Amino acid sequence: MATIGKAARQSGLSIETIRFYERSGVVPKPDRSANNRRSYSTEQIGRLRLIRRLRDLGFGLTDAQVLSSLAIAPNADCHAVLGIAQSHIKTVRSKMAELRKFEAALVELTANCGDGRVSCPMLAQLCGNDS
């Protein structure tokens, strides 16, 4: 059994993040030792590590919670996992398309920067002032 500090180090999460996940029901609250300290099993630390990996991949907290629950379910539904992953892929692709649009807009806005003008054409355009 491990303390919350050791669980944090082994999972790659901060102590505050672990406490938040416990309060919000993302992970079950661990047992308490005789001195009332949280006591984490190897399995619980593994689940925290899995949630961190899912969050690193951009999964929302709800999806990470569902996927981590499916990971420990004896009869986990692979189709449910696939559905969540495919939905997340669509979200990631949508965000990537939006970021490409942002990039193009910034490239266009910055194209006139550095040409020696006293006023900044980028800021003027963003403010709606044509210079």
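Which residues are buried in helix α1? Before I answer, a word on the model itself.

This is a predicted model, in which local features need pLDDT of at least 70, side-chain atom pairs count only at pLDDT 80 or more, and totals for chains, interfaces and linings use all residues. Residues are numbered from 1 along each chain as its sequence is written, and side-chain values use heavy atoms, with hydrogens and water left out.

Let us turn to the helices. Helix α1 covers residues 4-11, and its buried residues are Ile-4, Gly-5, Ala-7, Ala-8 and Ser-11. Seen down the helix axis, these buried residues fall within an arc of 165°, so they line one face of α1. The arc is taken from the directions that run from the helix axis to the C-beta atoms. By buried I mean under 20% relative accessible area; exposed means over 50%, and partly exposed lies in between (1.4 Å probe, protein chains only). Helices (H or I, at least four residues) and strands (E, at least two) are DSSP runs, numbered from the N terminus. An α-helix has 3.6 residues a turn, so residues three or four places apart point the same way.

The cover over the buried residues of α1 includes α2 (15-23), β2 (38-39) and α3. Just after α1 comes Gly-12, with a positive phi of about 85°.

In α2, the buried residues are Ile-18, Tyr-21 and Glu-22. They fall within an arc of 100° when seen down the axis of α2, so they too line one face of their helix. These residues pack against α1, β2, α3 and α4. Gly-25 follows α2, and its phi is positive, near 85°.

I come now to the core. Which residues have the most contacts inside the largest nonpolar core? They are Ile-18, Tyr-40 and Leu-48, in a core of 19 residues. The elements giving two or more residues to this core are α1, α2, α3 and α4, and α3 gives the most, with 4 residues. A nonpolar core is a set of buried Ala, Val, Leu, Ile, Met, Phe, Trp, Tyr and Cys residues joined through side-chain atoms within 4.5 Å. Not counting residues up to four places away in sequence, Ile-18 touches Ile-4, Ala-7, Ala-8, Ser-11, Leu-13, Tyr-40 and Leu-48. Contact here means heavy atoms within 4.5 Å.

Next, the largest pocket. Its volume is about 180 Å³, and its lining includes Tyr-40, Arg-47, Leu-48 and Ser-68. On a 1 Å grid over the protein atoms alone, a pocket is an open set of points with protein on both sides within 12 Å along at least five of seven lines, and lining residues have an atom within 4 Å of a point. Helix α3 (42-56) and helix α4 (61-72) each supply at least two lining residues, and α3 gives the most, with 6.

Is Ser-68 buried or exposed? Ser-68 lies in α4 and is buried, with a relative accessible area of 0%. Leaving aside neighbours within four places in sequence, Ser-68 is in contact with Arg-47, Leu-50, Ile-51 and Leu-54.

I close with two further residues. Ser-39, in strand β2, counts as buried at 11% relative accessibility. Gly-128, in the segment after α6 (121-126), is exposed, with a relative accessible area of 57%.

How values were computed
On a 1 Å grid over the protein atoms alone, a cavity is a set of points where a 1.4 Å probe fits but cannot get out, and a pocket is an open set with protein on both sides within 12 Å along at least five of seven lines; lining residues have an atom within 4 Å of a point. Grid points are joined across faces, edges and corners, and a volume is the space filled by probe spheres set on the points.
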